[in-house]
Amino acid sequence: MDGGAAAQAAANESIQYVTVVIGGQLFGLRISQVHDVFVPESVTRVPLAPPEVQGVLNLRGRIVTAINMRRRLSLPPLEGGQTMMAVGIEYKGESYGLVIDTVGEVLTLPGNSREPNPTNLDQRWAEISAGVHRLEGQLMVILDVERLLGAMMNEPLAA
């Protein structure tokens, strides 16, 4: 296969996404990036951690850093009584739990239906997005783990 044919074949491949909702917006994470879906319990606060770091927890013997996605996206906290959910991912050898509102279904979408971020996409979402998929009646923002965690973890420490 030449380069153009290989690129076309890759674009036609289907990609599976685990869908999650944060602040009423549908997001998708590549299923290959998701290790767990769990309810975060007994989260231990970490002194001097950035505000979006909710704390750390023990998940089957592994220390997981819980990232509160509502705080990360400057959204108000969930109303009382709603159970938080988390999606377990790994980034640069470390385990993270992205604390989200709800977990949806697994969607299989053609790779070539992904579009670049629309110019009117909320800036908070665009900063962590790898593009979008237009679904019936809604837009699914593709979460880019590299952009999400890379920006957070590379911030210089305050003097």
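Here's a quick tour of some strand pairing and some salt bridges in this predicted model.

Let's start with β11, which covers residues 138–143 and pairs in the parallel sense with β2 (residues 25–30) over 3 bridges. Strand β10 (residues 129–135) also pairs with β11, this time in the antiparallel sense and over 5 bridges. M140 is a handy spot to look at: it is the bridge partner of L26, and also the bridge partner of H133. The hairpin of β10 and β11 has 2 residues between the strands, and G137 there takes a positive phi near 80°.

Now for the charged pairs. The structure holds 5 salt bridges, including these:

| Salt bridge | Closest N to O distance |
|---|---|
| D101 and R70 | 2.8 Å |
| E115 and R134 | 2.8 Å |

Take D101 and R70, which form a salt bridge. D101 sits in the loop between β7 (94–100) and β8 (102–110) while R70 belongs to helix α2 (residues 69–72), so this pair ties together parts 31 residues apart in sequence. D101 counts as buried at 8% relative accessibility, and R70 is buried too, at 13%.

E115 pairs up with R134 in a salt bridge. Because E115 lies in strand β9 (residues 114–115) and R134 in strand β10, they link parts that are 19 residues apart in sequence. E115 is partly exposed at 26% relative accessibility, whereas R134 is exposed at 53%.

Note on methods: Residues numbered from 1 in each chain as written. Predicted model: local features only at pLDDT ≥ 70, side-chain atom pairs only at ≥ 80, totals over all residues. Heavy atoms only, no water. Pairing = 2+ DSSP bridges. Helix = DSSP H or I, 4+ residues; strand = E, 2+ residues; numbered from the N terminus. Salt bridge = Lys/Arg side-chain N within 4 Å of Asp/Glu carboxyl O. Buried < 20%, exposed > 50% of the residue type's maximum accessible area, 1.4 Å probe, protein only.
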